[in-house]
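Please find below a short note on the model under review. It is set out as numbered points.

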Amino acid sequence: MAYVYDDQNIFARILRGEIPNKTVRETAHTLAFHDIHPQAPVHVLVIPKGAYVNFDHFAAEASADEIADLTRTAGDICRELGVASDIGEGYRVISNAGKHGMQEVPHYHLHILGGRVMGRLVERLD
Ligand code: AMP
């Protein structure tokens, strides 16, 4: 089954400059900006400029340059915002995908969350 990318999603509109964002860093292939509803003192979204729906789409079809650029940019931001584990107290990187992942915006993104203890990764069901 092919991936279907909705080019009207809010991050596509941010990338086209139709909606403002608080940019943290921009590179050839990647844009990082503050989440509009931060869930931690540090809450930055890192997105590819290419049209990828989620992590598995990006992993399957992005170029090596795009993958390296997004990964390196996310790491640079952890350092820049003081949460990298060698200089700060750490952080969590999350990427939600699809219905079970409860993804809201269908453009691949990493959440970088830090500045507080993040709690358990997922709720226990028992
Ligand atoms: P997800 O549930 O992983 O798809 O997360 C989508 C995230 O995008 C949420 O944390 C939203 O708060 C965030 N968000 C939605 N619209 C905007 C926007 N215009 N600018 C910045 N962040 C946004």
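This is a predicted model: local features need pLDDT of at least 70, side-chain atom pairs count only at pLDDT 80 or more; totals for chains, interfaces and linings use all residues.

1. Fold. The protein chain contains 3 helices and 5 strands. Read from the N terminus, these elements follow the order α-β-β-β-α-α-β-β. The radius of gyration is 15 Å, close to the 14 Å that the globule rule gives for 126 residues, so the chain is as compact as a globular protein of that length.

2. Extent and contacts. The C-alpha trace spans about 40 × 40 × 30 Å along its principal axes. Of the contacts between residues at least 6 apart in sequence, 52% join residues at least 24 apart.

3. The accessible surface of the protein chain amounts to about 8,100 Å², with 53% of it belonging to carbon and sulfur atoms.

4. Main core. Buried residues make up 38% of the 126 in the protein chain. Which residues have the most contacts inside the largest nonpolar core? They are V44, V46 and I77, in a core of 17 residues. Strand 3 (42-48), helix 3 (64-80) and strand 5 (110-114) each contribute at least two residues to this core, and helix 3 provides the largest share, with 4 residues.

5. Surroundings of V46. Neighbours within four places in sequence aside, V46 is in contact with T30, L31, A32, L70, A74, I77, Y108, H109, L110 and I112.

6. In soluble globular proteins, nonpolar side chains tend to be buried together.

Key: Residues are numbered from 1 along each chain as its sequence is written. Side-chain values use heavy atoms; hydrogens and water are left out. The radius of gyration is taken over C-alpha atoms; the globule rule is 2.2 Å times the number of residues to the power 0.38. Buried means under 20% relative accessible area, exposed over 50%, partly exposed in between (1.4 Å probe, protein chains only). Contact means heavy atoms within 4.5 Å. Accessible areas come from the Shrake-Rupley method with a 1.4 Å probe; for residues, only the protein chains shown count as cover. A nonpolar core is a set of buried Ala, Val, Leu, Ile, Met, Phe, Trp, Tyr and Cys residues joined through side-chain atoms within 4.5 Å.
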